[in-house]
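Please read the numbered points beside the sequence and the structure.

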Amino acid sequence: MGLTETIACFIRDSGLKDCPPEAVDKAKKVIADTFAAILAGAGSEVAPPLLRYLEASGGSGASPIWGTKLGATPEVATLVNGTFGHALDFDDVLSMMPAHPSAVILPAVCAEARTRPLTGRALIEAQVIGIEVGGKIGLGMTVGHYHRGFHGTGTLGIFCATAALAKRYGLDVATTCGALGIAASMASGLRRNFGTMTKPLHTGWAARSALAAVQLAASGFSAGDDVLEAKSGFFAAYGVPESDPGVTARGLGKPWVIVDPGIALKKYACCYASHRGMDGVLALRRRHDFTADGIVKLECRMPPGGMQVLTYPDPATGLEGKFSLQYSLAAGALDGQYTLWSFTDEAVKRPAIRSLLERVVARETQQCRGDDPEFDKRSSGSRGFVEVEIALANGTRDTIRIDKPPGHPARELTWDDLHAKFTDCATQAGLAPDRAQRAFELLNRLETLDDVSAMLDLLC
């Protein structure tokens, strides 16, 4: 049996019954976090052009666009909601892909919740299956896929959503193979677009394409049934010499990704590769109670490859600031905290930031590589360790080492942390506080819901 069929059989035969008990709570946290990120995206700079696109296309329909009063057809709503989910770079991270899978999965799985009812437990199960399939495809592809210039959220996330939809709709093996075949030809996303609106569009496009692939396959549309492993298939075309479909096939459910290695949930609304340095700046600021005027030099030392996607040393916009380690360090040193506002055009262009950037140094060094034998297989934000050093005008010098950022599975966000994040994101979207509170309460007991549509309606 080839990889494509193996995955299709796994989707058909596996479910929450096969997962460790803690999988449900971990999946619920990821789902609540993703809806928070979608709401925040509805209040971001990505929203106006997306909604103009919706209006120009004559779009309207029963599928809600969360964080707004609007509706659209299922595919268009999936595109918009998925793009919202990654608009602020505040959604989850799965370093083994590396990608942000859940903002691809949830908009697609929930797109038809009003017309094709979905229980909370079925939503959780689809989410877990989607993460498992996409994560293990990423593991088989290796990080070399990312290094080639592909954005895994688009190129691999589409398989997360396709798998989740196949589970949600109970597709048979042949139809699931067809859906995976169609999805493989739609897989897209290039890292060159990081720092622009097109990066989050990768997410929405992958979600919409997965929904289209499943609907086409269910309608009888054909595709190669060995598309992942074939000589001219996905692994061959998108992979590197080290890519191995066998790694994916052998790894499904062994262990379950949602539990091991787990999903990172972001505390800061920017590129994950910056988070350890940002955490270090805040820790040093708490320890020494300094102000920006007292800084002589602020240096962040990163592992080799740790700055690969942090390509804007002197950002001019909020979007570029999300991919600027130098700016992120300076903002933390100046403000003592990070908020959604930290990554707006206004925040990036502050004169105080421009002055402080002259005293910020960020560089890669072999000394931060560590002794991890899997170093070269890890993503920019999870390899090695990070050191942050401060030199103050009063003569103080101090260095802190950060191995894992907040929100990493080893430093998991609590439900209280998620409640605070959800509330902030709902405020960004202009959602009434009582609606946000009721939605969060329902997400906290998602597995008990007979129909998720009432919860989803609260997000509008």
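**Notes on the predicted model**

1. Both Phe422 and Phe440 are buried, the term buried meaning under 20% relative accessible area, exposed over 50% and partly exposed in between, with a 1.4 Å probe and protein chains only. For Phe440 the relative accessible area is 6%. Trp415, at 17% relative accessibility, is counted as buried as well.

2. A word on the basis of these comments. The model is predicted, so local features need pLDDT of at least 70 and side-chain atom pairs count only at pLDDT 80 or more, while totals for chains, interfaces and linings use all residues. Residues are numbered from 1 along each chain as its sequence is written, and side-chain values use heavy atoms, with hydrogens and water left out.

3. Ten aromatic pairs are found in the structure. Rings of Phe, Tyr and Trp (its six-membered ring) pair if their centres lie within 6.5 Å; planes under 30 degrees apart count as stacked, over 60 as edge-to-face and the rest as tilted. Trp415 and Phe440 have ring centres 5.8 Å apart and planes at 75°, so this pair is edge-to-face. Because Trp415 lies in helix H19 and Phe440 in helix H20, the pair ties together parts that are 25 residues apart in sequence. Phe422 and Phe440 also form an aromatic pair, a tilted one, with 5.4 Å from centre to centre and 50° between the planes. This pair links distant parts of the chain, with Phe422 in helix H19 and Phe440 in helix H20, 18 residues apart. Elsewhere, Phe150, Phe159, Phe234 and Tyr238 make up one aromatic cluster.

4. Helix H19 (residues 415–429) and helix H20 (residues 433–444) pack at about 145°, and their axes are 10 Å apart. Axes are lines fitted to C-alpha atoms, for helices over the stretch in contact, and angles run from 0 to 180 degrees between N-to-C directions. Helices (H or I, at least four residues) and strands (E, at least two) are DSSP runs, numbered from the N terminus. The crossing of H19 past H20 is right-handed; a crossing is right-handed if the near helix is turned clockwise from the far one by less than a right angle, and left-handed if anticlockwise. On the H19 side the contact is made by Trp415, Leu418, His419, Phe422 and Ala426, and on the H20 side by Ala436, Gln437, Ala439, Phe440, Leu443 and Asn444, where contact means heavy atoms within 4.5 Å. By class, this contact has eight nonpolar, three polar and no charged residues. Ala, Val, Leu, Ile, Met, Phe, Trp, Tyr, Cys and Pro count as nonpolar, Asp, Glu, Lys and Arg as charged, and the others, Gly among them, as polar.

5. H5 and helix H9 (residues 157–169) pack at about 35°, with axes 8 Å apart, and H5 passes H9 in a right-handed crossing. Val104, Ile105, Ala108 and Val109 of H5 meet residues of H9 including Ile158, Ala161 and Leu165.

6. Four strands form an open sheet of mixed pairing, in the order S4-S3-S5-S6. Two strands pair if DSSP finds at least two bridges between them. Strand S4 (360–364) and S6 stand at the edges with a single partner strand each, so one side of each has no neighbour in the sheet. On average, neighbouring strands of the sheet are turned by 15° against each other, direction ignored. Strand S3 (residues 295–302) pairs with S4 in the parallel sense over five bridges, and Glu299 has Val361 in S4 as its bridge partner. Helix H14 (residues 275–288) packs on the sheet and touches S3, S5 and S6.

7. Strand S5 (residues 386–392) and S6 run antiparallel, joined by six bridges, and Ala391 stands opposite Arg397 in S6. Their hairpin has four residues between the strands, and Gly395 takes a positive phi near 95°. Strand S6 (residues 397–402) has a covered face of Asp398, Ile400 and Ile402, whereas Arg397, Thr399 and Arg401 form the uncovered face.

8. His100 lies in the loop between helix H4 (74–86) and helix H5 (102–109). This histidine, His100, is buried, with a relative accessible area of 9%. Leaving aside neighbours within four places in sequence, the contacts of His100 include His86, Asp91, His151 and Lys266.
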